[in-house]
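Please look over the sequence and the structure shown below. A short report on them follows.

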Amino acid sequence: MNARYVAPARIALVAVALGSVALQVLIPLVSFETGWLYPEVRHLSLPYAVAGVLAVAAAQVVLLAVWNLLSHVRRATLYTDAAAGWIPVMRAAVVVATLLPAAVCLHLLVVAQVGGPGVILFLFAVLALGAAAYLLLGVLGGVLSDARAEHDELAEVI
């Protein structure tokens, strides 16, 4: 495994993490401002802001898991149970990060009966991206499992 990409990848992860923290600050601000502009949905500001912040927190869990996988790459311990344990954590976080905004969109459309084409498009985008990330992480988990088996087999031969 080539560890020369670990440092640039970590720099990128830090940049994304800082952006996600900024997003967690902006979500409540925008939510409450929207509530003041549109009094008919003011009561939804707090629950939607909480859902948004929690969805970003779930994405931050994925960032943390990737950081830990990069640590395994750097230490050449990627083929261990500890490294493989991060894949289910990432998949669970992707499910949470997908379902929270999807639930908000569905609530907007079905219960509150507000929103429009933008909300529908966002719902489809969130579901498509979440499904793609979940499936890709499943493939990654399978590839890592196969690589671990081959690594162990080679270790026995050597």
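Is E156 buried or exposed? This is a predicted model, and in the model E156 has a relative accessible area of 69%. The cut-off for exposed is over 50%, so E156 counts as exposed.

## Overall build

The protein chain contains 5 helices and 0 strands. Read from the N terminus, the order of its elements is α-α-α-α-α.

The radius of gyration of the protein chain is 20 Å, whereas a compact globule of 158 residues would have one near 15 Å. The C-alpha trace spans about 70 × 30 × 20 Å along its principal axes. Of the 158 residues in the protein chain, 30% are buried.

Helix α5 covers residues 117-157, and E156 lies in it. On the surface, E156 belongs to a patch of negative charge.

## Helix α2 and V53

V53 is part of helix α2, which takes in residues 45-74. How is V53 classed by its relative accessibility? The value for V53 is 24%. Buried means under 20% and exposed means over 50%, so V53 falls in between and counts as partly exposed.

V53 can also be placed relative to L100, which is 47 residues away along the chain. The C-alpha atoms of V53 and L100 are separated by 9.7 Å.

Note on methods:
Residues are numbered from 1 along each chain as its sequence is written. This is a predicted model: local features need pLDDT of at least 70, side-chain atom pairs count only at pLDDT 80 or more; totals for chains, interfaces and linings use all residues. Side-chain values use heavy atoms; hydrogens and water are left out. Patches are made of residues with over 30% relative accessible area and no salt bridge: like charges are joined within 9 Å, nonpolar side chains (Val, Leu, Ile, Met, Phe, Trp, Tyr) within 5 Å. Accessible areas come from the Shrake-Rupley method with a 1.4 Å probe; for residues, only the protein chains shown count as cover. A salt bridge is a side-chain nitrogen of Lys or Arg within 4 Å of a carboxyl oxygen of Asp or Glu. Lys and Arg count as positive and Asp and Glu as negative; His and the chain ends are not counted. The place of a charge is taken as NZ of Lys, CZ of Arg, CG of Asp or CD of Glu. Helices (H or I, at least four residues) and strands (E, at least two) are DSSP runs, numbered from the N terminus. Buried means under 20% relative accessible area, exposed over 50%, partly exposed in between (1.4 Å probe, protein chains only). The radius of gyration is taken over C-alpha atoms; the globule rule is 2.2 Å times the number of residues to the power 0.38.
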